[in-house]
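Open the model in your viewer and keep the selection tool at hand. The stops below say what to pick next and what is there.

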Amino acid sequence: MMSERQRFAQLLRVCSKNLFLDQGLQVHTTVVKLGYGFDMMINNDLIDMYGKCGRVEIACKVFDRMPQRNVVSWTSLMCGYLNQGNAKSSLLLLCRMGSSMVKPNEFTFSTNFKACGFVGVPENGMQVHGWCCKTGFEWFPVVGNSLIDMYSKCGRIEAAFQVFDEVPERSLITWNAMISGYAVGHMGDKSLDLFKEMQIQGKTPDGFTFTSTLKACAGLGELDAGRQIHGFLISMGFLLSQQTIVAGSLIDLYAKCGSLRDAQKVFDQVERKSVISWTTLVVGYAQEGNLSKAMESYNALRKSSFPVDGFVLSSVMAVFADFALLEQGKQMHTYITKVPFGLDISVANSVIDMYLKCGVIEDADKVFEEMPKRNVVSWTIMITGYGKHGLGEQAINIFENMKSENISPDGVTYLAILSSCSHSGLVEKSQQYFSRLLKDPTIKPNVEHYACMVDLLGRSGRLKEARNLIKNMPMKPISGIWQTLLSACKLHKDLEMGREVGEILMKMDDVSAVNYVMMSSIYANAGLWKESEKVRKSVKAKGLNKVGGQSWVEIDKSIHFFYNGDERHPLTSRIHEKLKEIEKRLKEEVQFAYEVRFSLHDVEEESREESLRVHSEKLAIGLFLVHNDGIEKDRSCIRIFKNLRVCGDCHEFIKGLSKILTKVFLVRDANRFHKFENDSFGRSFQDKHMMYKLISARFR
């Protein structure tokens with residue numbers, strides 16, 4: 001018959017399992033009154049109950065008052081810390097345990113390998129692993145599985161596989177840990193290979209296996225492999241409608257691979273939809289350019305019973321930022337100030353990013369100033385934003401103030417400051433920061449940092465230095481960095497080096513239309529029309545497609561997209577009339593002439609001018625002017641956005657337009673912002689000086 005002591009212990013275990021905190025507190029009060037306050041078994045159950053119910057501080061008090069403790073006491077409190085996400089306290093407790101007379105068991109080690117995985121410091125895990133080997137628990141299945149998971153999360157995938165390879169008996173959990181490790185470590189091909197091998201070994205995959213393999217497919221962009229797994233799930237009788245996590249992985253796969261119709265089908269089947277899957281759909285539609293569906297999905301999420309958390313807010317705000325949807329962004333910002341998750345640093349960072357990408361630098365500055373706490377991401381976003389606006393000196397000022405706040409820059413921050421220096425032509429400053437980066441023992445420079453330096457040297461005409469930097473890099477150069485140099489060759493009309501770099505690029509990547517287009521332009525600029533035409537024919541023969549130029553403008557909270565030569569808009573005829581009217585004024589008032597070198601060579605002059613007139617950014621501007629026809633006193637800034645770089649002809653067109661209309665044009669392209677105000681590109685010297693003083697005072 002069960003004793004009174006055992007009944008109390010059983011009650012506490014029920015409270016622990018079901019997270020009944022109030023009932024657990026009542027049981028605690030009763031056992032103390034009845035004299036069981038120092039009973040080891042009951043105290044262990046109390047520690048476990050409080051830890052699982054999120055009251056680890058009470059668990060600590062129980063632990064500290066115990067006259068004697070066993071391995072269960074120590075391990076239960078470690079689990080409590082880990083349950084709260086406090087991995088460091090769990091590891092510190094393990095150190096304390098090492099000084100006591102109590103020896104750890106397999107569950108103690110398993111718990112702390114999980115803690116090491118959370119912290120992400122492989123050296124900590126290696127120390128615990130060494131201790132584990134000395135005690136003989138290394139070969140226990142629960143320890144081996146935790147070791148694989150720990151090394152994977154710490155980025156030591158080779159060590160994880162070594163443990164996996166040496167495990168005497170592999171359970172399904174062991175296979176899942178390694179498959180997941182490869183998937184998370186961006187080694188999806190190995191994850192899929194292991195998935196096949198486990199089935200050969202007679203193991204039946206479960207939901208965790210499928211979640212990891214689908215993640216691997218998404219990372220590789222392997223839509224066909226993902227479809228096969230989807231078919232496998234159906235043939236197994238796997239009910240996706242009730243398996244939220246697996247269905248979420250399928251939705252993520254289809255969305256990332258651009259198959260939004262399939263993603264929507266799976267989403268519609270799921271009975272209990274998750275907020276993550278809903279957000280995945282919103283972002284997926286936005287990245288596809290289907291903004292109406294993205295907003296439709298987001299509005300449906302808002303109307304649902306799901307709480308909109310920080311992840312959702314940040315993700316949707318990122319959509320508004322990428323498409324420069326200022327009005328929607330402002331509305332979201334207002335909503336954010338009214339919900340608890342609006343205080344999250346990640347949410348505030350997304351708001352700052354949105355304002356900067358929409359060209360409203362003052363509002364971004366205000367949000368940044370009002371943040372109660374800032375992290376390295378906050379500062380990096382500000383540095384990037386000011387750099388994109390051509391305010392390199394101010395970006396440097398922010399970078400130095402970040403360091404004075406004792407926040408250390410990471411690799412992305414260095415990328416931001418190098419890019420800012422590049423956009424502002426600050427060669428010496430950029431070299432100083434690059435040198436500082438190379439000397440920083442905590443950061444490993446990557447090819448993108450070198451690409452920033454190549455871009456800066458290339459822009460300033462130091463092409464040979466840029467080429468030598470690429471050739472002396474400690475890592476293998478990728479095609480992108482050679483493309484950066486080729487772009488500089490095109491800018492400075494260096495035919496000889498352009499040919500050299502072009503040959504290197506064609507050997508590395510002969511299926512990128514960008515390489516051919518740049519080489520064609522370099523030959524055309526040198527007057528070598530036959531060579532230019534030959535390159536263009538190669539593009540057609542290989543069936544290569546260049547990314548189409550697309551521009552968009554927001555008018556009355558609606559977004560209007562245009563491609564080059566687009567005639568789909570219902571106001572197309574009026575847009576063309578307005579552009580012709582503007583061109584006439586430009587020719588008369590500012591002697592504007594088409595930069596026909598930006599059009600094809602082998603067509604008539606009139607046709608060449610016609611092709612330039614229908615560039616996507618001009619069509620977007622034309623629509624804005626048609627919509628605001630007759631509103632002469634409107635002094636609002638006209639914001640135009642483009643997915644590629646603005647060509648020289650459009651640059652001169654907008655510059656002249658700013659003068660004759662006395663309006664401010666802010667154009668964001670793939671690289672940076674261009675501000676046109678009263679026939680000046682960028683700000684006047686006085687404006688820049690005043691802004692610099694303002695920002696310097698604010699960040700001092």
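Predicted model: local features only at pLDDT ≥ 70, side-chain atom pairs only at ≥ 80, totals over all residues.

Arg-462 has a relative accessible area of 30%, so it is partly exposed.

**Along the helices**

Step back to helix α27, residues 447-459. Pick Arg-459 and Asp-455, whose side chains meet in a salt bridge at 2.9 Å, N to O. They sit 4 residues apart in α27, about one turn of the helix. Arg-459 is partly exposed at 27%. Asp-455 has 22% relative accessibility and also counts as partly exposed.

Go on to helix α33, residues 572-590. Select Glu-589 and Arg-585. Their salt bridge spans 3.0 Å, N to O. Because they are 4 residues apart in α33, about one helical turn separates them. Glu-589 is partly exposed at 42%, and Arg-585 is partly exposed at 28%.

Next, select Asp-322, Asp-353 and Lys-357 together. A network of salt bridges links these three. A search of the whole structure finds 23 salt bridges.

**Rings**

How many aromatic pairs does a search of the whole structure find? The search finds 22. Is Phe-137 buried or exposed? Phe-137 is buried, with 16% relative accessible area. Phe-140, at 33%, is partly exposed.

Now take Phe-210 and Phe-232. Their ring centres lie 5.7 Å apart with the planes at 80 degrees, so this pair is edge-to-face. The pair links distant parts of the chain, 22 residues apart: Phe-210 belongs to helix α13 (residues 207-220) and Phe-232 to helix α14 (residues 223-235). Phe-210 is buried at 0% relative accessibility. Phe-232 is partly exposed at 25%.

Select Phe-63: Arg-69 lies over its face, 4.2 Å from the ring centre. Then select Phe-653, where the charged end of Lys-618 is over the ring at 4.9 Å from its centre.

Colour residues 39-73: the span is 74% helix and 0% strand, with its end C-alpha atoms 12 Å apart. Then colour residues 375-409, which are 74% helix and 0% strand, with end C-alpha atoms 10 Å apart.

**A strand and its neighbours**

Move to strand β4, residues 664-668. Here 5 of the 5 residues are buried. Show the side chains. Val-664, Leu-666 and Arg-668 point one way, while Phe-665 and Val-667 point the other way.

Which strand runs parallel to β4? It is β3, residues 638-642, joined to β4 by 4 bridges. Phe-641 has Arg-668 as its bridge partner in β4. Trace the chain from β3 through helix α36 (residues 648-661) to β4; this β-α-β crossover is right-handed.

End at strand β5, residues 673-677, which runs antiparallel to β4 and is joined to it by 5 bridges. Select Leu-666 and its bridge partner in β5, Lys-675. Finally, show the hairpin, where 4 residues connect β4 to β5.

Terms used:
Residues numbered from 1 in each chain as written. Heavy atoms only, no water. Phe/Tyr/Trp six-rings, centres within 6.5 Å; stacked < 30°, edge-to-face > 60°. Buried < 20%, exposed > 50% of the residue type's maximum accessible area, 1.4 Å probe, protein only. Helix = DSSP H or I, 4+ residues; strand = E, 2+ residues; numbered from the N terminus. Lys NZ or Arg CZ within 6 Å of the ring centre and 35° of its normal. Pairing = 2+ DSSP bridges. Right-handed = clockwise from strand over helix to strand, strands pointing away. Salt bridge = Lys/Arg side-chain N within 4 Å of Asp/Glu carboxyl O.
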